[in-house]
Amino acid sequence: MELMPAMTLERPETVEDAVRLRAADGAKYLAGGTDMVVNIRRGIERPAALVDLTGIEELGAIAAGPDGIDIGAAVPLSGVAANGAVKRGYRAVAEAAAEVAGPTHRNYGTVGGNLCLDTRCLFYNQSEWWRKSNDYCLKHRGEVCHVAPGGKRCFAAFSGDLAPAALVHGAEVTLAGAGGRRRVKLDALYRNDGMDHLALEDGELLVALHLPKESAGIPSGYRKSRIRGSIDFPLAGVAAALKMADGRVAALDIALTAVNPYPHRVAKIDSFVGGPLGEEQLDALRDTVRTQAKPMRTTTVQPWYRRRVVGAMARRLLAELA
């Protein structure tokens, strides 16, 4: 990796000041830096200034209220994993936070950083000289997607762990920009585009993750597959929330990560609500998950394996929750 280039470091004390400073040409937000700093040293990001968010008190708090729990964007992932209220009410979220990389990464990496994680690809997350020798790629400074050379679309995969777990609990996010603040469903934060997967307005900052009271306590969990269990991003990840009543499915939600350019909830599962959850239904749900996982050769592992393993993990997780 290259040395860190010269840049300005800004340290605002409020969200509004951070948004104002980010409006400067070439500025980027920085919290834990576990992904941003690596991308800077690889020459992928070249900010003229970094807006350090760690001094903003509002972003560092977890607060329980009458309508749920608000988790500040700068809360470290280790704090989410250890929080009693999150573990009791939103188990999948706590499990996902605990599964991110290694302990040191979780102590620095933040909620906002993981939710807004850049998409990843074997041809993108490399050193400058490596990427240059391959004429770069469609996502950054190149004209060809080496994963799918015949097209003009980027298939880099979103690999954040927290998003699918929050999605199955109906999470929302608070965003702040030049026009003020807004709160949207977490689903609305993402789009199926490896080059531009975040539906944020220019300079907009993710302020907090909101976990609604309505989904508190519903049995949920998160599972992931990775090459090295100690530090790696997921090759495939699945979160599920399942509520059973009188032997039948009362509520069901499944979400995926690392098998598409964006994290998303699995569609076409409403028909399982109201019925039993036996071996036949579990097999059908496994197959439904596999059909909606669209991994490409963005890692060293074959796409067919990631598709199969995400379905198998979903089936096993649902069986455990039932």
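**Note on the strands, helices and selected residues of a predicted model**

1. Strand S2 (residues 27-30) runs parallel to S3, and 4 bridges join the two; strands count as paired if DSSP finds at least two bridges between them. Helices (H or I, at least four residues) and strands (E, at least two) are DSSP runs numbered from the N terminus. Within this pairing, lysine 28 stands opposite leucine 50 in S3. From S2 the chain passes through helix H2 (residues 36-41) to S3 in a right-handed β-α-β crossover; right-handed here describes a path from the first strand over the helix to the second that runs clockwise when the strands point away from the viewer.

2. The model is predicted: local features need pLDDT of at least 70 and side-chain atom pairs count only at pLDDT 80 or more, whereas totals for chains, interfaces and linings use all residues. Residues are numbered from 1 along each chain as its sequence is written, and side-chain values use heavy atoms, with hydrogens and water left out.

3. S3 also pairs with strand S1 (residues 8-10), in the parallel sense and over 3 bridges. Here glutamate 10 stands opposite valine 51. Strand S3 (residues 49-52) is covered on both faces, with Ala49 and Val51 buried on one side and Leu50 and Asp52 buried on the other. Buried means under 20% relative accessible area, exposed over 50%, and partly exposed in between (1.4 Å probe, protein chains only).

4. A separate point concerns the open sheet of 5 strands, ordered S4-S5-S8-S6-S7 with antiparallel pairing. Its edge strands, S4 (62-65) and S7 (180-185), each pair on one side only. From one strand to the next the twist averages 20°. Strand S6 (residues 172-177) and strand S8 (residues 205-212) are joined in the antiparallel sense by 5 bridges, and alanine 176 has leucine 205 of S8 as its bridge partner. Helix H1 (residues 15-22) lies across S6, S7 and S8, at about 135° to S8. Axes are lines fitted to C-alpha atoms, for helices over the stretch in contact, and angles run from 0 to 180 degrees between N-to-C directions.

5. In helix H5 (residues 91-99), the buried residues are Ala92, Val93, Ala94, Glu95, Ala96 and Ala97. Their cover includes helices H3 (77-82), H4 (84-89), H6 (103-108) and H9 (162-167), together with S8 and strand S9 (220-225).

6. Helices H10 (residues 279-292) and H11 (residues 303-321) pack at about 145°, their axes 8 Å apart. The residues of this contact (heavy atoms within 4.5 Å) include Leu282, Leu285 and Val289 of H10 and Val310, Ala314 and Leu318 of H11. They divide into 8 nonpolar, 1 polar and 7 charged; Ala, Val, Leu, Ile, Met, Phe, Trp, Tyr, Cys and Pro count as nonpolar, Asp, Glu, Lys and Arg as charged, and the others, Gly among them, as polar.

7. Histidine 140 is in the loop between helix H8 (128-133) and H9. This histidine 140 counts as buried because its relative accessibility is 15%. Beyond its neighbours within four places in sequence, histidine 140 is in contact with Gly43, Ile44, Tyr124 and Arg131.

8. Glycine 237, in strand S10 (residues 236-245), counts as buried at 0% relative accessibility. Its C-alpha atom is separated by 8.0 Å from that of proline 164, 73 residues apart along the chain. Not counting residues up to four places away in sequence, glycine 237 touches residues including Tyr222, Leu256, Val310 and Met313.
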